[in-house]
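Thank you for making time for this.

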Amino acid sequence: MDQKIDRAGVEAAMRDLYQASSHEASYDSGDNYDRPTCHPKTRLEYLSTLEEWSCKEDPSCPRLLWMHGPAGTGKSAIAQSFCTDHKSHLGASYFFKRGHPSRGNAMKVFPTLAYHLAIASPELQIAITSTIREDPGVLSKSLAIQLQKLIVAPCQAVNLAFPLTIVIDGLDEGEIEESQQSLLAALGDAYNDWKSHLAILIASRPEPHLQSVFEESCSRFTQILEIHGSEDDIRTYLVDQFQRIREKHQSLHSAPIPWPSNAIVEQFVEKSSGHFVYASTVIKFIDDKDWNPEGRLKLIGNPISSPSTLPPTPPGPFFALDQLYKGILANVPNQECLLTILPVIAANFQLTVLQMGQLLELEPIDIQTTLRRLHSLINLPAVVGDEKDLHVTVHHASFLDFLNDPARSGQFHFNGTARHSLALHIVRLYSEPSEIGLFPAQGHVWRRLRLVFITTTNFSPDMVEPLHQINLDLVIGEDGLSEVAHWIKEQNGPGDLIQQWEDYASMGEFQAILGATIHNSELGEETDDMPEVMETISPTVVRIIQICTLLRYGKGWSLTMARWVLDYSWEQIQAAFASISSCKDIDIRDLCSQISSSLHIQELNPDLALQKLATRCIEILCLNLQSKKEGWEPVMWVHCPGFASTADPI
């Protein structure tokens with residue numbers, strides 16, 4: 001019986017660990033299905049070095065290895081190949097991806113690695129899940145604590161037959177530089193505790209903020225592997241790939257051998273400057289099933305010249321790659337549509353084609369047709385709405401670097417004008433009116449955006465009206481309201497707009513405090529201070545707190561839910577919350593705690609109130625089940641935790 005209970009506990013902890021992980025970050029995840037590996041007979045020297053390093057069991061040898069090199073030199077392909085060829089000793093892997101909802105989050109790294117280690121070793125699984133069962137909150141603690149409790153301590157508690165290898169690729173693509181540094185510092189501080197159990201490979205660009213941590217905290221026990229371009233490896237790759245294209249395309253069966261000529265291959269080798277991303281982009285562009293490879297070859301060898309594509313003086317290290325990117329972009333017939341879409345790609349929003357259409361007010365088929373010419377630069381679903389590959393993403397981060405650098409991208413640069421236009425589209429989207437009880441559906445573009453993006457551009461008069469008309473139902477649950485208010489003030493926006501957004505920021509802060517309080521309070525506990533509080537606070541505020549507490553809905557949109565139930569306007573709520581702001585002596589946390597913990601105010605019976613509340617919620621749901629508002633869906637109120645506590649069926 002005890003064994004069954006333990007097994008159930010282990011499984012429950014593994015589920016919690018899985019939920020805290022990035023499911024797409026491992027080297028063999030479906031999200032990485034098209035991630036390149038090293039071409040046969042290339043990068044052999046680096047792979048051999050990694051193999052030799054990882055197999056050393058002497059803890060006096062460096063057990064941390066930093067593999068670094070410029071963008072496009074094939075670091076991720078080497079890391080991917082190493083994971084694939086090293087499965088027997090591989091404990092875990094994490095491949096960062098810039099802008100990805102979970103793969104860009106450093107806070108998910110150690111839970112993800114711990115989950116992989118638990119899968120790799122039954123003994124580690126028991127040790128790791130035991131930690132989670134004792135302290136479930138460890139999954140949201142600091143990086144240093146996560147490393148110590150989820151990985152280091154479990155490794156020390158078991159006898160591993162050999163050190164397990166952990167691979168962390170693309171650390172520089174994490175969301176926040178400080179988090180990247182904290183992760184490295186945590187590994188360095190705990191080195192003596194894990195060096196006998198693990199070998200950790202970190203791959204990244206040699207960014208200064210990372211280099212400083214390696215030099216200051218990790219230099220004594222870090223092996224450096226610097227990745228350089230190899231013309232021989234690129235030549236091997238190009239020759240093999242061109243041969244494959246020749247055999248694949250019927251139109252080339254009568255072409256001379258070799259195709260293309262050795263002279264042309266050498267031109268591409270020289271232009272690559274050792275960057276594999278250049279060679280792979282060339283192959284992707286030529287190997288397009290919808291085009292004649294011979295014509296594509298001629299086109300890519302003669303990119304369209306314009307004043308904006310003149311070579312810089314002197315040419316930079318990415319000159320040939322930039323010319324390649326410019327040539328591909330210039331080959332798109334509908335330049336107006338392309339220049340409207342590119343900012344969404346440059347901002348790395350990773351939207352679907354349908355979502356791009358919603359945001360930019362373009363027909364999805366026009367977006368699909370325009371982006372089809374960029375097959376070599378981006379991942380694009382074959383059909384609009386294709387569920388197999390939802391989001392448009394770039395093949396390589398160097399394309400994002402190109403779009404965001406004016407010296408490299410010229411007329412395709414994600415400049416201030418383009419950024420402002422995109423910000424205006426976002427503000428207008430958030431101004432879209434809604435109906436009570438309706439929220440944007442899962443596929444709606446609103447679920448992929450954040451209003452705080454507008455603070456990266458300059459405020460302008462054409463933003464005033466949509467910011468005044470913003471739909472608070474869509475905004476109140478977001479982080480960053482105070483940043484928007486501060487931005488409007490710093491940019492000398494109108495006084496009434498500043499006041500409006502400062503009120504919104506205060507309401508957002510109140511909602512966050514209320515949500516935390518609801519999770520920590522118990523229903524029905526009377527508080528002696530309640531009559532005094534009631535005399536100073538608007539009844540509207542008290543009623544909102546009561547409704548949120550009854551629903552037990554502490555998430556980001558609790559004010560919206562309460563507004564719908566009570567049939568209040570946002571103007572009423574805004575005026576009610578002004579009463580709190582005018583009372584300097586009121587502690588908001590105490591206020592929320594007092595009201596939410598006592599539902600006997602004004603003879604309010606929690607059980608009866610909950611039944612009445614359920615009836616109101618069902619009324620709202622029924623009104624909206626037949627809604628024809630495209631892209632919106634009714635909120636399923638029955639999922640609110642509060643309804644689970646009522647004895648009668650709802």
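Let me begin with Leu-17, which counts as buried because its relative accessibility is 0%, where buried means under 20% relative accessible area, exposed means over 50%, and partly exposed lies in between, with a 1.4 Å probe and protein chains only. Before I go on, please keep in mind that this is a predicted model, in which local features need pLDDT of at least 70 and side-chain atom pairs count only at pLDDT 80 or more, while totals for chains, interfaces and linings use all residues. Residues are numbered from 1 along each chain as its sequence is written, and side-chain values use heavy atoms, with hydrogens and water left out.

Leu-17 sits in helix 1, residues 2–19; helices (H or I, at least four residues) and strands (E, at least two) are DSSP runs, numbered from the N terminus. Which residues does Leu-17 touch, once residues up to four places away in sequence are not counted? They are Pro-111, Ala-114, Tyr-115, Ile-128, Ile-132 and Leu-139, contact being heavy atoms within 4.5 Å. With Ile-132, the C-alpha atoms are 8.0 Å apart in space, although 115 residues separate the pair in sequence.

For the protein chain as a whole, there are 30 helices and 9 strands, and 53% of its 650 residues count as buried. Among contacts between residues at least 6 apart in sequence, 77% join residues at least 24 apart.

Turning to helix 2, residues 44–55, its 12 residues at 1.5 Å each should span 16 Å, and the end C-alpha atoms are 17 Å apart, which agrees; the expected span is 1.5 Å times one less than the number of residues. Its buried residues are Tyr-46, Leu-47, Leu-50, Trp-53 and Ser-54. They cover an arc of only 130° around the axis, so they lie on the same side of helix 2, the arc being that of the directions from the helix axis to the C-beta atoms. These buried residues pack against several elements, among them strand 1 (64–68) and helix 3 (75–85), whereas the face turned away from the buried side carries the exposed residues Leu-44, Glu-45 and Glu-52.

Between strand 1 and helix 3 there is a loop that holds Thr-73, and Thr-73 is buried, with a relative accessible area of 3%. Leaving aside neighbours within four places in sequence, Thr-73 is in contact with residues including Arg-43, Ile-227 and His-275.

Next, two peptide bonds deserve a look. A cis bond joins Ile-257 and Pro-258, with omega about 0°, and another cis bond joins Trp-259 and Pro-260, with omega about -15°. Pro-258 is in the loop between helix 10 (231–248) and helix 11 (262–272), and Pro-260 lies in the loop between helix 10 and helix 11 as well.

Further along, Asn-348 lies in the loop between helix 15 (335–346) and helix 16, and Asn-348 has a positive phi of about 60° although it is not a glycine. Asn-348 is buried, at 13% relative accessible area.

Finally, Val-484 is found in helix 23, residues 481–490, and is buried at 1% relative accessible area. Not counting residues up to four places away, Val-484 touches Val-452, Ile-454, Thr-455 and Trp-501.
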